[in-house]
Amino acid sequence: MANGESEVGADAPAGGFVQLLTPDGERVDSVTTADGMTYSVDFTDDEYKELYRDLVTVRRLDAEATALQRQGELGIWASLLGQEAAQVGSGRALRKQDMAFPTYREHGVLYTRGIDPIMPFGLFRGVDQGGWDPNEFKFNTYTIVIGSQTLHATGYAMGITMDGKIGNADGEAVIAYFGDGATSQGDVNEAFVWSGVFNAPIVFFCQNNQYAISEPLERQTRIPLYRRAAGYGFPGIRIDGNDVLASYAVTRAALDQARNGQGPSLIEAYTYRMGAHTSSDDPTRYRIASEVESWKAKDPIARMKSFLTKQQIADDTFFGEVDETAKTLALDLRERVLAMPDPQPVTMFDNVYPHGSPEVDAQRAEFERYHATFEGSAN
Amino acid sequence: MAETITLGKALNHGLRRSLESDPKVVIMGEDVGKLGGVFRITDGLQKDFGEDRVIDTPLAESGIVGTAIGLAIRGYRPVCEIQFDGFVFPAYNQIVAQVAKMFYRSLGNVRLPIVIRIPFGGGIGAVEHHSESPEALFAHVPGLKVVTCANPADAYTMIRQAVASDDPIVFFEPKRRYWEKGEVDLDADLDQAFPLHAARVVKPGTDATILAYGPMVRTSLDAAIAAAEDGRNLEVIDLRSLSPLDMATVYASVRRTGRAIVVHEAPGNLGLGSELAARITEECFYSLEAPVLRVTGYDIPYPAARVEEEYLPDLDRVLDAVDRSFGW
């Protein structure tokens with residue numbers, strides 16, 4: 001087995017992946033990879049239940065967003081359906097001081113950071129471009145151009161080193177999210193080079209959901225993505241991306257290595273985008289129903305529910321309460337999204353430059369003058 | 001203490017002052033460390049400030065700018081060196097899609113106080129990609145500010161102002177003027193300095209206004225001296241800031257002289273001259289004695305070095321345009 005590879009589970013791709021919870025809800029005590037790393041989790045019953053709650057909640061919120069888009073209330077939505085375990089596991093693995101650089105699909109990670117789930121809806125509803133303060137939330141703004149944020153994450157991680165904030169358990173680390181398609185981008189490869197050369201405290205977390213819009217993985221790579229890391233001189237490991245426990249355990253270990261000064265690593269979370277790329281996409285044109293069905297059998301939530309049930313950690317009362325609570329959150333989200341005010345048009349001239357610009361100011365004044373000519377008109 | 005130094009050395013002094021005055025300032029680029037940059041603009045800085053503050057980066061321009069963004073989010077003030085004008089394009093996406101838009105996207109929460117230094121322009125006998133003038137490609141992008149210096153004193157001051165500014169700034173350096181000398185007050189206080197985004201009348205005159213920037217300011221001043229022999233008193237304005245443009249200074253001059261001629265090395269089509277001509281026409285129409293004329297590079301790829309002198313605007317072409325303006 002190559003570096004980072006593990007025992008091959010029945011549902012694993014060739015080369016294997018780290019799996020701590022099978023699709024049937026069986027716990028795998030621990031997994032030791034070829035490079036000697038052993039992964040496991042040691043959760044209390046309550047912690048298992050909270051992970052389940054996270055998974056259900058982010059799926060329910062996502063479904064509400066999809067519905068809002070279909071009803072014309074969002075311009076577009078990028079659904080995370082199917083990728084809940086990858087996002088919740090890695091998101092919960094972050095420590096408070098860690099910084100995340102998302103794409104535009106990391107609503108689940110955002111939720112695990114304790115951020116109000118309405119935050120990205122400004123972007124998708126079109127009332128702003130997705131604005132918030134990354135340093136307040138330790139969660140960068142969504143980045144739409146594919147792969148760009150991996151370089152931002154790498155630079156931020158270099159800054160951690162320059163600030164002397166690594167080398168112990170209190171050190172800081174960065175996680176950069178991206179997808180399988182992004183691995184073809186020059187920026188992602190440059191981020192790998194940079195982080196390797198500067199030993200940056202960063203974890204590259206690739207959610208391989210098998211498709212870059214319509215193009216299958218085979219159009220992006222000739223070898224498994226996690227094995228690319230070897231060429232850049234740092235560890236690469238593949239996990240069952242539909243296993244929240246594996247996602248948590250491996251990400252936590254990788255982040256801790258990074259914060260301790262051991263440099264970058266790449267995690268490939270092998271998962272599947274159950275829905276469309278975005279609400280504008282039609283996946284029936286490029287993938288077959290049986291493939292989708294086969295991934296349904298690996299559902300991240302069903303396996304967690306199965307595990308909790310078999311282990312008698314939770315029962316239907318708990319599952320029902322989780323569903324109800326998630327529904328309440330979703331309906332509250334819906335109400336607040338519908339109540340989002342449209343911005344005043346003149347605010348489009350705000351925040352172009354920190355120090356302003358006489359040219360923008362002049363155009364704002366002209367815009368206001370022009371619109372004022374309509375006031376009090378016959379119309 | 002005023003010293004007579006080259007434009008390149010003035011930039012070096014300015015960067016040194018910036019590194020001294022703010023520990024968050026870092027310089028990053030290809031060969032900026034031990035070598036001091038291919039033009040030696042960062043000469044000696046790594047030795048004095050260390051490898052963490054003057055960073056030799058891997059050879060990838062998008063990576064230089066992309067990681068600078070992350071450092072800026074972290075609170076640093078990166079000064080990126082792009083080795084030559086024609087090498088900036090791998091970084092163009094990060095500059096245009098990220099550097100320019102982050103403040104806007106984040107509703108003003110994220111400032112990216114990044115300076116991207118680019119030696120630009122021709123006249124040094126170089127091979128392809130080493131002599132270009134891509135400034136309009138950046139001036140066209142909202143969210144970026146674009147400046148260029150034309151003499152050592154401005155080089156020293158403007159680079160410090162650019163580094164101190166929270167706006168993202170593309171800083172074009174007239175590479176063929178790196179070795180030209182001038183007097184620089186190295187103790188000058190930034191608070192008292194001429195504003196970064198203001199144009200400057202570098203030679204007052206009454207008969208026509210020459211609008212130039214970067215390497216063409218010297219050419220235009222030489223043309224003004226020659227024109228004086230013909231009895232024409234040209235005013236020369238160094239625009240200095242290409243985005244935003246200091247149009248108030250331009251309008252005031254053109255209203256007095258009634259004639260405007262824009263000079264730049266970049267191709268004429270949709271260059272700075274196009275914008276200047278349009279705006280002067282809109283604002284100074286009744287003051288104009290002749291159409292705004294342009295003396296520019298041709299709309300061709302930058303040619304081979306053996307013919308570049310025929311491509312570049314020179315004193316004679318500027319004087320020819322002056323003649324045409326007066327002949328209108």
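Visitor: How far apart are the centres of domain 1 and domain 2 of chain A?
Guide: In this predicted model, the centres of domain 1 of chain A and domain 2 of chain A, taken over C-alpha atoms, are separated by 40 Å. The assignment places domain 1 of chain A at residues 31-338 and domain 2 of chain A at residues 348-379.

Visitor: And what does UniProt list for chain A?
Guide: UniProt gives the feature "domain: Dehydrogenase E1 component" at residues 56-327 of chain A, from an unreviewed entry. Over residues 56-327 the chain is 45% helix and 11% strand, and the C-alpha atoms at the two ends of that stretch lie 10 Å apart.

Visitor: Which of its residues are buried, and what covers them?
Guide: In helix 12 of chain A the buried residues include A:Val322, A:Ala326, A:Ala330 and A:Val337. What covers the buried residues of this helix includes helix 1 (45-70) and helix 4 (121-125) of chain A. As background, an α-helix has 3.6 residues a turn, so residues three or four places apart point the same way.

Visitor: Switching to chain B, how is that one divided?
Guide: The domain assignment of chain B gives domain 1 at residues 2-192 and domain 2 at residues 200-326, and the centres of these two domains, taken over C-alpha atoms, are 26 Å apart. In terms of contacts, 23 residues of domain 1 of chain B meet 22 residues of domain 2 of chain B.

Visitor: What supplies the largest share of the domain 1 side there?
Guide: Strand 6 of chain B does, with 4 residues of the side of domain 1 that touches domain 2. By class, the residues of that side of domain 1 of chain B are 10 nonpolar, 7 polar and 6 charged.

Visitor: Where does UniProt put a domain in chain B?
Guide: An unreviewed UniProt entry lists "domain: Transketolase-like pyrimidine-binding" at residues 5-180 of chain B. Over residues 5-180 of chain B the chain is 36% helix and 18% strand, with its end C-alpha atoms 8 Å apart.

Visitor: Which residues does A:Pro134 touch?
Guide: Leaving out residues up to four places away in sequence, A:Pro134 touches A:Phe139, A:Asn140 and A:Thr141, together with B:Ile73 and B:Val110. A:Pro134 is found in helix 5 (residues 134-137) of chain A, and A:Pro134 counts as buried because it has 21 C-beta neighbours inside 10 Å.

Visitor: Which residues have the most contacts inside the largest nonpolar core?
Guide: That core has 193 residues, and those with the most contacts inside it are A:Val174, A:Ala176, A:Ile267, B:Ile210, B:Leu211 and B:Ile261. Setting aside neighbours within four places in sequence, the contacts of B:Leu211 include B:Ile237, B:Leu239, B:Val250 and B:Ile261.

Visitor: What about backbone geometry: where is there a cis peptide bond?
Guide: A cis peptide bond joins B:Ser243 and B:Pro244, with omega at about -5°, and B:Pro244 lies in the loop between strand 12 (241-243) and helix 9 (247-257) of chain B. For context, most peptide bonds are trans, and most residues other than glycine have a negative phi.

Visitor: And is B:Arg240, with its positive phi, buried or exposed?
Guide: B:Arg240, which is not a glycine, has a positive phi of about 60°, and B:Arg240 counts as buried because it has 25 C-beta neighbours inside 10 Å. B:Leu270 likewise has a positive phi of about 60° without being a glycine, but B:Leu270 is partly exposed, with 13 other C-beta atoms within 10 Å. B:Leu270 is found in the loop between strand 13 (260-267) and helix 10 (272-284) of chain B.

Technical notes
Residues numbered from 1 in each chain as written. Chains lettered and ligands numbered in written order. Predicted model: local features only at pLDDT ≥ 70, side-chain atom pairs only at ≥ 80, totals over all residues. UniProt positions renumbered as here; feature names shortened; annotations may be inferred. Buried ≥ 20, exposed ≤ 12 C-beta atoms within 10 Å, placed from the backbone. Contact = placed C-beta atoms within 7 Å. Domains from an automatic or database assignment. Nonpolar A, V, L, I, M, F, W, Y, C, P; charged D, E, K, R; others polar. Core = buried A, V, L, I, M, F, W, Y, C linked by C-beta atoms within 7 Å.
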